[in-house]
Amino acid sequence: MNYQAFTNDSLTMMYEGIRGALGADDSLRALGEEPRFRVRETPDWKKHASELETEMLRRGMFFEVIDWTDGQEMLPFE
């Protein structure tokens, strides 16, 4: 996808769309239901987010990075 062709607002909207789909999936999973968008199970979602982040950083945009670790164990660091 040619991310350079999109406006800053378009990049933000796509990125927030990924965050929303991930949140919806996590909520459904917490209810014991199947995730609707399968964001965590589909590597292309994370690739898309990464490419958006790359372009937004290139432009100097500020954004909150998506936390992909939700529901995963964290290693203790001492």
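## Basis of the description

Buried residues are those under 20% relative accessible area, exposed residues are over 50%, and partly exposed residues lie in between (1.4 Å probe, protein chains only). The model is predicted, so that local features need pLDDT of at least 70 and side-chain atom pairs count only at pLDDT 80 or more, whereas totals for chains, interfaces and linings use all residues. Residues are numbered from 1 along each chain as its sequence is written, and side-chain values use heavy atoms, with hydrogens and water left out.

## Arg38 in the loop

Arg38 lies in the loop between helix H1 (8-30) and helix H2 (43-58), where helices are DSSP runs of H or I with at least four residues, numbered from the N terminus. Although Arg38 is not a glycine, its phi is positive, at about 55°, and with 38% relative accessibility Arg38 counts as partly exposed.

## Salt bridges

Seven salt bridges are present in the structure, each defined as a side-chain nitrogen of Lys or Arg within 4 Å of a carboxyl oxygen of Asp or Glu. Asp26, Arg29, Arg40 and Glu41 are linked by such contacts in a network.

In helix H2, Lys47 and Glu51 are four residues apart and thus separated by about one helical turn, and their side chains meet in a salt bridge at 2.9 Å, N to O. Lys47 is partly exposed at 48%, as is Glu51 at 28%.

Glu55, which is buried at 4% relative accessibility, forms salt bridges with Arg58 at 2.6 Å and with Arg59 at 2.8 Å, both distances being between the closest N and O atoms. Arg58 is exposed at 55%, while Arg59 is partly exposed at 26%.

Methods:
Helices (H or I, at least four residues) and strands (E, at least two) are DSSP runs, numbered from the N terminus.
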